[in-house]
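Hi there,

Here is the structure I promised to pass on to you. Have a look at it first, and then read my notes below.

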Amino acid sequence: MKFPQNNIIDNWLNKNGNPEIARLVEKNLALTEKINSILKERGIKKGEFAKMLGKNPSEVSKWLSGAHNLTLKSINKMEFVLGVDLINIEPITEVKYVYLGLIQGGELENAMNDYEDSNYNIAM
């Protein structure tokens, strides 16, 4: 992965070439961009955001620069005070039910046979 030559982080990544770290940096930057966008939309200044978090403005400024490795605890605190999900983790669902409509009389067996080879599980 090749990065533009415009800052210290990009230069370090180009020199060391660790794809795992590159991915971490990309995710961290995307997260801080999202937070900064939410703050801008809501007209919340960084100093005000720091007060909401109970943190020093300099620490929050470092968090929002994208150069600081955010912890899950700090992300959770930011999610709480902003009332948003910054990291959306979808639960794994083992079974999905699909409503096929009303089946009357002997049509149930025909419907089950029609879907036997499909990916749907029919529960009675």
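Let's start with how the chain is connected. Among its contacts between residues at least 6 apart in sequence, 44% join residues at least 24 apart, where contact means heavy atoms within 4.5 Å.

Before going on, please keep in mind that this is a predicted model, in which local features need pLDDT of at least 70 and side-chain atom pairs count only at pLDDT 80 or more, while totals for chains, interfaces and linings use all residues. Residues are numbered from 1 along each chain as its sequence is written, and side-chain values use heavy atoms, with hydrogens and water left out.

The chain has 6 helices and 0 strands; helices (H or I, at least four residues) and strands (E, at least two) are DSSP runs, numbered from the N terminus. Of its 124 residues, 23% count as buried. Buried means under 20% relative accessible area, exposed over 50%, and partly exposed in between (1.4 Å probe, protein chains only). The accessible surface of the chain is about 9900 Å², and carbon and sulfur atoms account for 52% of that. Such areas come from the Shrake-Rupley method with a 1.4 Å probe; for residues, only the protein chains shown count as cover.

Now for how the helices pack. Two packed helices are described by the angle between their axes and the distance between the axes. Axes are lines fitted to C-alpha atoms, for helices over the stretch in contact, and angles run from 0 to 180 degrees between N-to-C directions. Helix α3 (residues 46–53) and α5 have axes that come within 10 Å and cross at roughly 105°. That makes α3 roughly perpendicular to α5, a label for angles of 65 to 115 degrees (under 35 is roughly parallel, over 145 roughly antiparallel, and the rest oblique). On the α3 side the contact is made by F49, M52 and L53, and on the α5 side by K77, M78, V81 and L82.

Helix α3 also meets helix α4 (residues 57–65): their axes come within 9 Å and cross at roughly 110°. These two helices are therefore roughly perpendicular to each other as well. Here K46, F49, A50 and L53 of α3 touch P57, V60, W63 and L64 of α4.

- M78 sits in helix α5 and is buried, with a relative accessible area of 0%. Leaving aside neighbours within four places in sequence, M78 is in contact with I35, F49, L53, W63, L70 and L86. M78 and I35 are 43 residues apart in sequence, yet their C-alpha atoms are 8.4 Å apart.
- L53 belongs to helix α3 and counts as buried at 2% relative accessibility. Beyond its neighbours within four places in sequence, L53 contacts V60, W63, K77, M78 and V81.
- Not counting residues up to four places away in sequence, K46 touches N36, V60 and L64.

Finally, which residue lies in the loop between α5 (72–82) and α6 (107–114)? One that does is I87, and I87 is partly exposed, with a relative accessible area of 38%.

Enjoy exploring!
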